[in-house]
Amino acid sequence: MNIWVYAQSSNGAVTSTTLELVTKARSLGSVQAFVGGDGHAPAAILGEYGATKVYATGDLEGRLPGVAVAGAMHAVIQSGDQPDLILFPQSTEGRDVLARLSVKLGRTVLTNNVGIDIDGGSVSVTTAVFGGDVLVTTAFTGAAPFLAAFRPKSFAAEPAYGAPAEVVVAPIPDLGPTGTARVTAVHVEETSGPKLDEAAIVVSGGRGLGEAAKYEMVEQLAKLLKAAPGASRAIVDAGWVPYSYQVGQTGKVVKPLVYIACGISGATQHMVGMKGSKNIIAINKDKEAPIFGIADLGIVGDVHKVLPKLIEALGAR
Amino acid sequence: MKITVLVKQIPDPAVPGSLDPSTNTLRRAGKLIMDESDSYGIEMALQLVHAAGDGAVTVVSMAPNGEVSGLRTALAMGAASAVLVSDPALQGSDALTTATVLAAAIQRSGGADLVIAATESSDGYTGTVPEQIAEILGLPSITFARSVSIIDGTLAVNRQTEEGYDEVTCPLPALISVTAGVVEPRYPSFKGIMAAKAKQIETVTAAELGVGLVGWSGADQQITVVTKADARAAGEIIEDDGEAHLDIVRFLENLKVI
Ligand SMILES: Cc1cc2nc3c(=O)[nH]c(=O)nc-3n(C[C@H](O)[C@H](O)[C@H](O)COP(=O)(O)OP(=O)(O)OC[C@H]3O[C@@H](n4cnc5c(N)ncnc54)[C@H](O)[C@@H]3O)c2cc1C
Ligand SMILES: Nc1ncnc2c1ncn2[C@@H]1O[C@H](COP(=O)(O)O)[C@@H](O)[C@H]1O
């Protein structure tokens, strides 16, 4: 099976989800990666994880990756290199490339997957629905290439200690009017401390904090535990914290050793982003809150009372 | 300024979802409502038309059984007209077919300067339909818009990224998908609700749009297995008596993280 992986970079480094997909792909067949941008820097790590070839578009010159990378991928496929399967990270960029390419190729897409199986020539993928309670497996029944996107942390990333991949230029074709959007400035909203999707401990706050200023309690606790601060979508939409803090279906997927949910109800869309945590602690004043259904330690209480005492107790150690 | 907003009509998310055991797809029986995620696009469109000083907002939806209740909500907010694509042949359509149908409906209504969708639907969350529509219509697109303005006929968008946001510009016509938080949607007024009753909703079929191979026959995918995931065992629940923070400290000590 000839498998391509759309290799996404963030701040100049190949994303962890990309490496997870390359790792999984090499257990299923031969792997070629596709990069939007320059291919020489990512070729080393992509090769290390098992890719033999890296197609790279070269500088995007301000174009959005969706339209540019899909155009370049389509051109390579038309020129004769036929993948059987293309894997995409479930991310803003991955989704855009996938969507544009699906129209160019006339192929169906399957997104939000957490697993993949190949049986002979037949490929099926698995998604988790209803907050992760139910797993649905879907088979591709049309013609290859099959297009699928996978949620972060669906597979473990493990190096294969391969040599740097060969870099082949895949130029961006003339995109006509579709290619006229331009990125004019890039803003990074970095948080200090460990990264949310890599931290061993995550402390998240939700609407139960009551007001934006109270998020400080979450930050203080996170600092004491060397944890990353996170959030439910409710308080991201309300503008209390940036989107980069959001945990859940449309935010980050986290699987830390400990996840502490403060004033979060446990909506299915939040749970799919943190259910894989080894240990879950929840503080919520409503004992019926769904979050208690998955908590290892649930405190039925007021965050405004429990958190200051917890912060004080930890600070005194 | 002619703006078309895509409005998905979905089962009430407050009612727990279930799978139809005969087709293994989401059950869509009962009344559908407007996906709240699309209310942001409608509000954005109304504000952009207002700022432009002329134009109108059209809403387009594909839904089973001639469902219009979500479209009425959009009309009550202030959209001028609505197009519904409803056809039993569309049952089981995949995202690509849905995008093909919606693109054809947009074209039939005369095209638009700007097409607005949500970043993903609340029930299906495939998240590809807007970008697929842009590709079908040959339009540039900016997904994940968290602020939108039009300056001298050019779109200026702050596009949410995983680590922050990008400033992106784009000539019209174009398509954008907007996040929740792009604007605060208005509630339909009583006057709006009354006015919506008189507004026209055009209903068309897949055949009238000239779209073939739709529904199950057009979807190159089939659900094969549905299983229950391993449940997480519920743990210990403690009512705070003023000392519960010590339980958390002990829990963390046991894990040797403090
Ligand atoms: C398509 C789609 C995608 C989504 N994606 C995401 C996502 O990625 N991530 C996400 O988080 N959500 C997501 N959501 C939103 C999700 O459905 C919920 O609305 C959201 O998670 C709720 O956030 P919350 O728990 O902070 O707020 P609420 O649901 O309002 O819960 C607040 C909780 O705080 C408790 N509380 C109140 N006061 C106190 C107090 N003083 N002390 C202790 N507890 C208190 C309440 O009992 C309540 O349980 C998505 C929704 C849709 C439709
Ligand atoms: N059947 C539909 N009718 C109208 N709009 C839709 C439909 N399906 C998807 N959309 C639009 O496309 C967005 C993304 O949908 P999806 O790709 O299904 O997650 C939705 O939030 C809507 O704005």
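**Figure 1. Ligand 1 in a site shared between chains of the predicted model.** The site counts as shared because residues from both chain A and chain B surround ligand 1. The shell holds 26 residues, and those that come nearest are A:Ser232, A:Val247, A:Thr250, A:Ser265 and A:Gln269. By class, the shell residues are 16 polar, five nonpolar and five charged. In chain A, helix H6 (233-237), helix H7 (268-271) and helix H8 (303-315) each contribute at least two residues.

**Figure 2. Polar contacts of ligand 1 with A:Asn284, A:Asp302 and A:Gly208.** A side-chain N or O atom of A:Asn284 is 2.8 Å from an oxygen atom of ligand 1. A nitrogen atom of ligand 1 lies 2.9 Å from a polar side-chain atom of A:Asp302. At A:Gly208, a polar backbone atom is 3.5 Å from a nitrogen atom of the ligand. Ligand 1 taken alone exposes 980 Å², of which the protein buries 82%.

**Figure 3. Polar contacts of ligand 2 with B:Asp38, B:Ser121 and B:Thr126.** The side chain of B:Asp38 places an N or O atom 2.7 Å from an oxygen atom of ligand 2. Backbone atoms take part at B:Ser121, with an N or O atom 2.8 Å from a ligand oxygen, and at B:Thr126, with a polar atom 3.1 Å from a ligand oxygen. Of the 480 Å² that ligand 2 exposes when taken alone, the protein buries 97%.

**Figure 4. The shell around ligand 2, with residues from helices and strands of chain B.** Strand E6 (56-62), helix H3 (95-108), strand E8 (114-118) and helix H4 (129-137) each give two or more residues. E6(B) provides the largest share, three residues. The 19 surrounding residues include B:Met62, B:Gly127 and B:Val129 among the closest. Ten shell residues are nonpolar, six polar and three charged.

Definitions and conventions: Residues numbered from 1 in each chain as written. Chains lettered and ligands numbered in written order. Predicted model: local features only at pLDDT ≥ 70, side-chain atom pairs only at ≥ 80, totals over all residues. Heavy atoms only, no water. Near = heavy atom within 4 Å. Polar contact = N/O pair within 3.5 Å; in protein donor to acceptor, adjacent residues only side chain to side chain. Areas by Shrake-Rupley, 256 points an atom, 1.4 Å probe, with all protein chains shown as cover. Helix = DSSP H or I, 4+ residues; strand = E, 2+ residues; numbered from the N terminus. Nonpolar A, V, L, I, M, F, W, Y, C, P; charged D, E, K, R; others polar.
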